[in-house]
Amino acid sequence: MPQLPAPAYPAEVLARLEADAKEVIARYPGSRSALLPLLHLVQSEEGYVSRTGMAFCADQLGLTTAEVTAVATFYTMYRRKPSGDYQVGVCTNTLCAVMGGDAIFDRLKEHLGVGDDGSDMTTEDGKVTLEHIECNAACDFAPVVMVNWEFFDNQTPRSATQLVDDLIAGRTVEPTRGAPLCSYKETARILAGFPDERPGAVEAGGGAGAASLAGLKLAKGEAGPGARVVGQRGETPRDAPQKGAEHLSSHDAPQQTSASDPEHPAGPAAEEGE
């Protein structure tokens, strides 16, 4: 049977969201460009993008609910059903998996008592939702867990279990780097483009960690004496280049290629099947 129209927000909630939406839409030359932040805005209200939230976005932007639904279902950052106060994402992409990400996820799934299906990955108390993350873009700190998009680096099954226990118990937990942890709804409002007004939160953002900077220092000859460059398997390690050492690239000194080497001309490209 067809679904009934989505219920409207209560009057006071609607008035507040309309004022916020007007501020968001004013940032863009074309109103429909504001759809992504508006979806974060309604998610900050309910903790997920409900049918009511999608109808609100459609009304504000002059879109159909089908157009809004197409976007909301495309991006995994938008929740389609109620979920926990804390989204605990375990990276299980290649490097984190090799370093223990799969073991962390399996341990947390068992410890939290949540199932394999995405529909029941939230604890019964509604505190924590467990999820796979394809990549947290922090491979040099693998394995990495994120809580509401804040980093918890170099995790183990034991440390990750303690982390979720602390979250459920309401104890304060500190991300490895970045801003202090806040609720998922608060995170969604920040992603909608509204300032994080917590004292010191913006200043706590920080920069790259030591592991991220190690390769840069090595390349610039700033790694210090004794640093070694490890090549491919079987190659002999060599001293790291010192600062100011010559480093040729194809832009600095053209190398021999099939196009520039008369002895190895490229020749015409063959048609498929020839």
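Me: How many cavities of 30 Å³ or more does the count come to?

Reply: This is a predicted model, and in it the count comes to one cavity of 30 Å³ or more. The largest cavity has a volume of about 40 Å³.

Me: What makes a residue part of the lining of the largest cavity, and which residues line it?

Reply: A lining residue has an atom within 4 Å of a cavity point, and His40, Gln43, Met77, Trp149, Tyr184, Thr187, Ala188 and Leu191 line the largest cavity. By kind, the lining divides into five nonpolar, three polar and no charged residues.

Me: Why is strand β1 called largely enclosed?

Reply: Buried means under 20% relative accessible area, and five of the six residues of β1 (residues 86–91) are buried, so the strand is largely enclosed by the rest of the structure.

Me: How do you know that β1 pairs with β2 and with β3?

Reply: Two strands pair if there are at least two bridges between them; β1 and β2 (residues 128–133) have six, in the parallel sense, while three bridges join β1 to β3 (residues 145–147), which run antiparallel. Val88 has bridge partners in both, namely Leu130 in β2 and Val147 in β3.

Me: Which residues touch the most other members of the largest nonpolar core?

Reply: Of its 24 residues, these are Leu38, Leu39 and Val68. A second, separate core of 19 residues includes Phe105, Val145, Val147 and Phe152.

Definitions and conventions
Residues numbered from 1 in each chain as written. Predicted model: local features only at pLDDT ≥ 70, side-chain atom pairs only at ≥ 80, totals over all residues. Heavy atoms only, no water. Buried < 20%, exposed > 50% of the residue type's maximum accessible area, 1.4 Å probe, protein only. Helix = DSSP H or I, 4+ residues; strand = E, 2+ residues; numbered from the N terminus. Core = buried A, V, L, I, M, F, W, Y, C linked by side-chain atoms within 4.5 Å. 1 Å grid on protein atoms, 1.4 Å probe; cavity = no way out; pocket = protein on both sides within 12 Å on 5 of 7 lines; lining within 4 Å. Points joined across faces, edges and corners; volume = space filled by probe spheres on them. Nonpolar A, V, L, I, M, F, W, Y, C, P; charged D, E, K, R; others polar.
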